[in-house]
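Welcome, and please have a look at the structure below.

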Amino acid sequence: MTVESTAARKPSRSSNSSGAGTKRATAKKSPGKAPAKKAAAKSATRDAAQREASPHDVSQHDSELVQLLTPEGKRVEHPEFSIDLSPDELRGLYRDMVLTRRFDAEATSLQRQGELGLWASLLGQEAAQIGSGRALRDDDYVFPTYREHGVAWCRGVPPENLLGMFRGVNHGGWDPNTNNFQLYTIVIGSQTLHATGYAMGVAKDGADSAVIAYFGDGASSQGDVAESFTFSAVYNAPVVFFCQNNQWAISEPTEKQTRVPLYQRARGYGFPGVRVDGNDVLACLAVTRSALERARRGEGPTLVEAFTYRMGAHTTSDDPTKYRRDEEREAWEAKDPILRLRTYLESEKIADAAFFTSLEEESEVLGKRVREAVRAMPDPDPMAIFDNVYADGSALVDEERAQFAAYQASFADSVEEGK
Amino acid sequence: MAVQKLPIAKAINESLRKALDTDPKVLIMGEDVGKLGGVFRVTDGLQKDFGEDRVIDTPLAESGIVGTAIGLALRGYRPVVEIQFDGFVFPAYDQIVTQLAKMHARALGKVKMPVVIRIPYGGGIGAVEHHSESPEALFAHVAGLKVVSPSTSNDAYWMMQQAIQSDDPVIFFEPKRRYWDKGEVDTDAIPGPLHSARTLREGSDLTLVAYGPMVKVCLEAAAAAQEEGKSLEVVDLRSMSPIDFDTVQASVERTGRLVVVHEAPVFYGSGAEIAARITERCFYHLEAPVLRVGGFHAPYPPARVEEEYLPGLDRVLDAVDRSLAY
C-alpha cells in the first residue's frame, strides 16, 4: 500500500510492552521458540508485522475470501457456500450488472453536461450490489448509503428516481415503502442504526422478513456503526450488515480505518463475519442469501464484507489522481465483475452472441430513457420549501410561507407596473 | 512579502502553515486533510511539508476527531480539526457541547482547551443535502465555546492565527462559497482583536449587520441603496460568540435602524440575540424595530431552489425598505 498508517510506523507504548512493537521483526523470525502460553500473543504479533509490511497483500490473498467465480471466469466451489443457478438466472445477473453500469455511466455523463450537480458512481461495485440485491425477498427492507444504485435497480426503484437528489430538485423524494428501499443516506453510517431498529420491529412483529444495511469501509469507523453492531447483537435483530469495502474513503485507504480485516470485527460483538469477493456476483448472492436466511431463522445479525474496489472517483467532485496510483486501478480492472461473468457465460455457452447484442441495445434504450427523464425534470416550485416540514403543520411555517409568497408577489406587481 | 492577494481558502492555508511552523504543538486533524489536502484544498501541501505526525488523516468519525482533540489538548497540544462539511458536525456535537465546552469550568480553570474546529459552512455551491447548512447558533448557544466567521482573506488569515492562540475552544466557520474570493492579506499587521466587529462601510440611514458569506451581499446591497439615495452602514460582526455589541450599538445610535442578515434560519438565530440586546441598549435611538433577514424554518432546500431560500440582494433591500418605512 502506498500510505502507511501512523499506527504502523510508531507503535504505542502498550504494544511495545507486549512485544508487538520494535521486537516484531525478531518475533517473526523465530515464532517456534515462543513458549506455548505466549503463542496467541506471538501470533497476533506476527499478523501485525505482516500487515505492517504489506497490508493489502494480506487482505487480497485472504484464504477466507469466499469466491465462486474467479477473475478468469472459472466456477469454483466453496466448502460453506454454494449456489446453483439456472441459465436464466445467470443471464439475469449479467443483465442487471450491465444495465446498472450503463445507468451509472449515463449519470456520470449527465453530471459532466451540467444536468446533475453531483454523481456518486458505483463503477466496479456492480457484483456486490446485484449479488446482494438479488438475494433479497420483496418483504425484506433495504437501508442504503448514497451509492446503492445497483441495489435500487434490484428493488425495482426506477433509476431516474435516484437522480433527483443529485440534480438538486429534491432530497430523495421516493416513498421508501413502495419498494422497501429507504431513502439514500448521506451522513456516513447513520442508516445502520435505522436498519437495526427496523429489524427489531420485524422481530417484535414475529415476521420472518430480513433487513439489510449497506455501508462502506469508511463508515466502519463511525460510532453509529459500532452502536448498530451492539444493538443488533444484544436484541438478536434480523439484520445483515453489508459492508462494501471499496478500499477508499475519499482519499483514505482502508488502513486508515482499521487494523484488522473488517469482517473480523463482528466476532467481538458476538455474531459472524464473512469476507466475500465483492467482484464475484455469485459469491455475493450466495453469502448474502445465507446471511438473510440466518436472520429469518432468528439467529441474529451477520456482517458481510464485500471486498471490492471503487474504480472511479469518490464523486464527480473528487480527483483520485491526487492520492492513488493508476496501477492499483489497473490491477482491479483485471478482476472486473462483469467481464468475469461474461467469460463464464460464453465458455459454458449459457449466453450466445444474440443475447449480448440485444442487451447492448437494451442498455442504449435505458441510457436514452434516463437522459430524457433527467432533462425533463422540472425545478421545484420555491414555495415547496415550506411543504412537509411537519406532519401536523406549524403556525410558524405557515406565517413564513405567507410572508415569502407576498414577497415573491411584490416582484410580479413591479413587473406589471413596469409595463 | 507582507501583502499578498490570496483567496480565502489559501489565506487559511497560509495561516495554518505559519502556525505549524511556529508552534510544534499545533496539529491538523480531519478526514482527507493530509494527502488530498482537504476536499476544499484548505490544507493542501501541509502534510507534505510537516509530515503525517502533524497533519493527520483521521478515520471517518467526527466524534472521534473532536474527542481525541480534547485528549490531545489535555496533553498540551493545540489541535486544529476539520469537519468536512457543516452537516457532518453532529456526530461530534456531543463531544463539543458536553465535553469540550465545559472542561475548563469543570476543572475550575486548571485545564485549558485550545481546540479549533474548522467548519466550511453555508450554501450557494449547488451541493446535495447536509452540505449547505449554517448551524452557528447551535454552537453560540453553548457557554464555553467561541464562535467566529471571517468574511475576507485578511480576516481568514489573522482570525485563524488568533483562534489557534486562544486557550478556549473556537468554532471557526469558513464561508465555503467565498473560499475562492481573493483579497489582500497583510501578514505583518494584526487587524484587531478576534472578537471585535468591524465597520466596513459608513452610512447614516440604517445599519446592516452580517458575518461570513452575507457580508458581501450586504456590501452590494449598500452600494445599490446608495444609487437610490439611501446611506447604509455595514458592520461585519466577525464573531458570533462573544458579540461585539458596543460596535453595533454605536452604529445604531447614529443610524436609528438595524437589519441583521444571516443565512441561518431566522427563528432562534443570532439575529434574535442581536435584536434583543440592541433593543435593550438603544431603545430610545431606534426609529424602527430591528428586522432580520435569513433562512426559513424549513430544511435547507434542494440546490435548484437554494437561490430563493438564501438571502440575496433583493431580500436585504426589501428589509431595508420596510425599516425605512417606519
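A residue counts as buried when its relative accessible area is under 20%. Keep in mind that this is a predicted model. With that cut-off in hand, is B:P120 buried or exposed? Its relative accessible area is 1%, so B:P120 is buried. This proline sits in strand β5 of chain B, which covers residues 116–121. If we set aside neighbours within four places in sequence, B:P120 is in contact with B:F40, B:I83, B:Q84, B:F85, B:D86, B:E174, B:K176 and B:Y179. B:D321, by comparison, is 201 residues from B:P120 in sequence, and the two C-alpha atoms are 32 Å apart in space.

Now turn to B:N13, which belongs to helix α1 (residues 8–22) of chain B. B:N13 also has a relative accessible area of 1%, so it too is buried. What does its side chain find there? A polar atom of the B:N13 side chain lies 2.8 Å from the backbone oxygen of B:V42. B:V42 is also one of the contacts of B:N13 beyond four places in sequence, along with B:R41, B:T43, B:D44 and B:L46.

## Two domains within chain B

Chain B is divided into domain 1, residues 3–186, and domain 2, residues 198–324. Their C-alpha centres lie 26 Å apart. Domain 1 of chain B brings 27 residues to the contact and domain 2 of chain B brings 24. Between them, the two domains bury about 1900 Å², with carbon and sulfur atoms accounting for 50% of that area. Which residues of domain 1 of chain B lose the most area to domain 2 of chain B? They are B:E136, B:R177 and B:R178, and together they make up 23% of what that side buries.

The side chains of B:R238 and B:D155 meet in a salt bridge, with N to O at 2.9 Å.

## Where chain A meets chain B

The size of an interface is often given as the accessible area lost when the parts come together. For chain A and chain B, the buried area is about 3800 Å², and carbon and sulfur atoms give 60% of it. In this contact, 48 residues of chain A meet 40 residues of chain B.

How many salt bridges are counted between chain A and chain B? The count is three. A:K256 and B:E52 meet through their side chains in a salt bridge, at 3.7 Å from N to O. Across the same interface of chain A and chain B, 13 residue pairs are in polar contact, both at pLDDT 80 or more. On the side of chain A that touches chain B, α1 (6–9), α9 (164–167) and α18 (395–418) of chain A each supply at least two residues. The largest share, seven residues, comes from α18(A). Sorted by class, the residues on this side of chain A are 23 nonpolar, twelve polar and 13 charged.

Notes:
Residues numbered from 1 in each chain as written. Chains lettered and ligands numbered in written order. Predicted model: local features only at pLDDT ≥ 70, side-chain atom pairs only at ≥ 80, totals over all residues. Heavy atoms only, no water. Contact = heavy atoms within 4.5 Å. Buried area = accessible area lost by both parts, 1.4 Å probe. Salt bridge = Lys/Arg side-chain N within 4 Å of Asp/Glu carboxyl O. Polar contact = N/O pair within 3.5 Å; in protein donor to acceptor, adjacent residues only side chain to side chain. Helix = DSSP H or I, 4+ residues; strand = E, 2+ residues; numbered from the N terminus. Nonpolar A, V, L, I, M, F, W, Y, C, P; charged D, E, K, R; others polar. Buried < 20%, exposed > 50% of the residue type's maximum accessible area, 1.4 Å probe, protein only. Domains from an automatic or database assignment.
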